[in-house]
Amino acid sequence: MLKKLFKNQKFWEIFRFGVNGGICFLVDAFIMSILMDYTPLPDWLSIGIGFTVSVILNYILCLVWVFKGAGKQDLKSQIVFIGSSIVGLGLTEVLMLFALNVLFMHKLIAKIIVTLIVMVWNYFMKRLAIYGFKNKKSD
């Protein structure tokens, strides 16, 4: 059973997506925290800047490492990727500001919880954007 799991390409894709997400989360949280703690920028802008930098890194890693064989992206796929990232940014902003200002959570605890929520959205939309609409089977 375990042998079959380790041979499954979808398992490794999800594993790589998770590692990529962890790296991007650290970049996002680090930038957000530095900006919130050491600059006069408003929280919403600090959150947005960290998220945007991590999305750019995420896109690059998705193309070259996570979704193997993705190839060159057409305009429709790029629009889906950018659109899903904008929705992810909106979700992140709303949920982070709610957690910080209404629930009074610590910024890093809030960031972890919000990231886990937005991660599910990101996986399916990024996979759709990378592989496109026609290629339903990518194993």
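1. Of the 139 residues of the protein chain, 36% count as buried, where buried means under 20% relative accessible area, exposed means over 50%, and partly exposed lies in between (1.4 Å probe, protein chains only). This is a predicted model, in which local features need pLDDT of at least 70 and side-chain atom pairs count only at pLDDT 80 or more, while totals for chains, interfaces and linings use all residues. Residues are numbered from 1 along each chain as its sequence is written, and side-chain values use heavy atoms, with hydrogens and water left out.

2. The protein chain has 5 helices and 0 strands, and its pattern along the sequence reads α-α-α-α-α. Helices (H or I, at least four residues) and strands (E, at least two) are DSSP runs, numbered from the N terminus.

3. Helix α2 (residues 9-38) packs with helix α3 (residues 43-66) at an angle of about 155°, and their axes are 8 Å apart. That makes α2 roughly antiparallel to α3, since angles under 35 degrees count as roughly parallel, over 145 as roughly antiparallel, 65 to 115 as roughly perpendicular and the rest as oblique. The axes are lines fitted to C-alpha atoms, for helices over the stretch in contact, and angles run from 0 to 180 degrees between N-to-C directions. By class, the contact of α2 with α3 has 18 nonpolar, 5 polar and 4 charged residues; Ala, Val, Leu, Ile, Met, Phe, Trp, Tyr, Cys and Pro count as nonpolar, Asp, Glu, Lys and Arg as charged, and the others, Gly among them, as polar.

4. The structure holds 2 aromatic pairs. The rings of F11 and W12 have their centres 4.9 Å apart and their planes at 80°, so this pair is edge-to-face. W12 also forms an edge-to-face pair with F15, at 5.4 Å centre to centre and 80° between the planes. Rings of Phe, Tyr and Trp (its six-membered ring) pair if their centres lie within 6.5 Å, and planes under 30 degrees apart count as stacked, over 60 as edge-to-face and the rest as tilted.

5. Ring pairs link F11, W12 and F15 into a cluster. F11 is partly exposed at 24% relative accessibility, W12 is partly exposed at 28%, and F15 is partly exposed at 43%.

6. In helix α4, the buried residues include S77, V80, F81 and G88.
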